[in-house]
Amino acid sequence: SMRLPPIPGVDREVKRVEAILKGLREEHCLPLFTRLLETEAADVGTVTKALRGELGVHFDIVHYAGHGYFDCRRPEKSALYFWSEPGRRGEIHAMEVPELQHLLRGSSVRFFYCSACSSAASSAGAHLWQDDFLGIAEGAIRSGVPAVLGFRQPVSDRSAVTFAESFYTELGESGELDVALWLARRHLAAQNRDDLTWLTPMLIQQRSPHPIVE
């Protein structure tokens, strides 16, 4: 059975995103509800229920942090990875683009943030993020999600967390995805221009009648 190497920063990233969103809710009285699924709880069954709106709430924003794979020859084989059972048990389930499309089609999701971090393991040891995330992005966009953000190249755990922090902080201030992305890029470039993470994010949008953050 397939075993993917751990990415230590994944849970740290989603915890920071949740903390920032809660802070924005308190500071600006925004009607934000968050549901955190750390690695222990992010099995394919729970994730499927969340995307279908079966956890008691319909989500506007989905932030995925974890392993991803992009097949440049067969984009429909691109996949995100989840455990098949809670508690990091069972097999690794590859959620390929058609399955992701099926779950997102008709959902309430208006923004999909796809953060696939690189790990310390070599790419020869596991299916890791390759080239870019266009297979995943196209699948999400074709399912009707108005906006998708991802990275064209693998980024380190630390850079992924720093960028997510900056992006969501700016999104809470501006309410505009493109503005938030531009400001987050500037923030990372000012910190360390040699870290090319600021160049790799890519935002794909299609017209939506509703703003992401109101």
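**A helix pair in its chain**

Modeller: The mean pLDDT of the protein chain is 81, and 84% of its residues reach 70 or more. pLDDT is the predictor's confidence in each residue, from 0 to 100. This is a predicted model, in which local features need pLDDT of at least 70, side-chain atom pairs count only at pLDDT 80 or more, and totals for chains, interfaces and linings use all residues. Residues are numbered from 1 along each chain as its sequence is written, and side-chain values use heavy atoms, with hydrogens and water left out.

Confidence is highest in helix α2 (residues 44-52), at a mean of 93. It is lowest in strand β2 (residues 68-69), at 80. Over residues 118-131 the pLDDT is below 50.

The chain has 6 helices and 7 strands. Both are DSSP runs, numbered from the N terminus: helices are H or I with at least four residues, strands are E with at least two. Along the sequence the pattern reads α-α-β-β-β-β-α-β-α-β-α-α-β.

Now the pair. Two packed helices are described by the angle between their axes and the distance between the axes. Helix α5 spans residues 157-174, and helix α6 spans residues 177-191. Their axes come within 8 Å and cross at roughly 135°. Axes are lines fitted to C-alpha atoms, for helices over the stretch in contact, and angles run from 0 to 180 degrees between N-to-C directions. So α5 is oblique to α6. Angles under 35 degrees count as roughly parallel, over 145 as roughly antiparallel, 65 to 115 as roughly perpendicular and the rest as oblique.

The crossing is right-handed. That term applies if the near helix is turned clockwise from the far one by less than a right angle; anticlockwise is left-handed.

Which residues make the contact (heavy atoms within 4.5 Å)? From α5 come S159, T162, F163, S166, F167, E170, L171 and S174. From α6 come L177, V179, A180, L181, L183, A184, R185, H187, L188 and Q191. By class, the contact has 10 nonpolar, 6 polar and 2 charged residues. Ala, Val, Leu, Ile, Met, Phe, Trp, Tyr, Cys and Pro count as nonpolar, Asp, Glu, Lys and Arg as charged, and the others, Gly among them, as polar.

Elsewhere, S78 sits in the loop between β2 and β3 (79-85). S78 is buried, with a relative accessible area of 0%. Buried means under 20%, exposed over 50%, partly exposed in between (1.4 Å probe, protein chains only). Buried residues make up 50% of the 214 residues in the chain.

Definitions and conventions:
Contact = heavy atoms within 4.5 Å.
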